Amino acid sequence: PLRDLLHGAAAEFRSAIDEDSTCALAFHRLSVAEIWRHDFPAALAAAEAGLGRHPFPSRWSALLAAQRHYARREGRSAIETFQMSVRDDPASVDGWLGLGEALFHFGWFAGYAPSDAGSALRRVMTLDSTFAPIHRHLIDLALYRGDSTDARRWLRTFPPNDLHRPSREAVIALRFGTAEERAAALHRLADADRFTISELVA
């Protein structure tokens, strides 16, 4: 399950920090893993530990500072600091990921729209096309736009066993499908788990 994978990832990043406390990326990715586990205090602690541990080069310090803002739910500051981070290091998957996530989740509260996340998330896919967690946000943005072609295109790139895939398949069928596709989706949802239903409603 996703929960176990995230727990394992967080444990591995902690081990990496124990082995080499000069690895700024390990602090950052530990914080991201904790965010995805919905443990914002632990995410904040990881970012602050990285910022307080060493005088990292500026590109790492900017990334950790942006992540600290994100963990504090300081949307505008997170967006602005991730923007600075990718300006300084345009090849940083982590920086573009952070910017895309910050725009997607906090954009409404900082003078942006979720659609503004699209270019950052597409940049993540350009830099690392295997990064599955971004696929669902790209589908969500296509749904917001009413773009069935883009939604179906991103669904085709979605890993078949991803926990989030059933909800996206269902919403695309219900929103854009034929009568037969909608009926089939509703039939599958009769046996869907709570997670899929809650994702679909959201």
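Serine 167 touches Thr196, Glu199 and Leu200, leaving out residues up to four places away in sequence; contact here means heavy atoms within 4.5 Å. This is a predicted model, in which local features need pLDDT of at least 70 and side-chain atom pairs count only at pLDDT 80 or more, while totals for chains, interfaces and linings use all residues. Residues are numbered from 1 along each chain as its sequence is written, and side-chain values use heavy atoms, with hydrogens and water left out.

Serine 167 is part of helix H10, residues 165-176. Helices are DSSP runs (H or I, at least four residues), numbered from the N terminus. With a relative accessibility of 1%, serine 167 counts as buried. Buried means under 20% relative accessible area, exposed over 50%, and partly exposed in between (1.4 Å probe, protein chains only). A polar atom of the serine 167 side chain lies 3.0 Å from the backbone oxygen of histidine 164.

**Helices H7 and H9**

Helix H7 spans residues 118-127, and its residues Gly118, Ala120, Leu121, Val124 and Met125 are buried. Their cover includes helix H6 (93-106), helix H8 (133-145) and helix H9 (148-156).

In H9, the buried residues are Asp150, Ala151, Trp154 and Leu155. They lie on the same side of H9, because they cover an arc of only 135° around the axis; the arc is that of the directions from the helix axis to the C-beta atoms. Thr149 and Arg156 are exposed on the other side of H9. The buried residues of H9 pack against H7, H8 and H10. The N-terminal end of H9 is capped by aspartate 147, with a side-chain oxygen 3.2 Å from the backbone nitrogen of threonine 149.

**Nonpolar cores**

A nonpolar core is a set of buried Ala, Val, Leu, Ile, Met, Phe, Trp, Tyr and Cys residues joined through side-chain atoms within 4.5 Å. The largest one has 37 residues, and Tyr70, Phe82, Leu99, Val124, Ile134 and Ile139 have the most contacts inside it. Two or more residues of this core come from each of helix H3 (40-53), helix H4 (58-71), helix H5 (75-88), H6, H7, H8 and H9. H6 gives the most to this core, with 8 residues. Another core lies apart from it and has 10 residues, among them Ala10, Ala26, Ala33 and Leu64.

Isoleucine 139 is in contact with Ala151, Trp154, Leu155, Phe158, Arg168 and Ile172, leaving aside its neighbours within four places in sequence.

**Salt bridges**

The whole structure has 12 salt bridges, each a side-chain nitrogen of Lys or Arg within 4 Å of a carboxyl oxygen of Asp or Glu. The table lists some of them.

| Residue | Partner | Closest N and O atoms |
|---|---|---|
| Glutamate 34 | Arginine 37 | 2.9 Å |
| Arginine 168 | Aspartate 140 | 2.9 Å |

Glutamate 34 is buried, at 3% relative accessible area, whereas arginine 37 is partly exposed at 30% relative accessibility. Arginine 145 is partly exposed, at 42% relative accessibility, and aspartate 150 is buried at 13%.

Notes. Polar contact = N/O pair within 3.5 Å; in protein donor to acceptor, adjacent residues only side chain to side chain.
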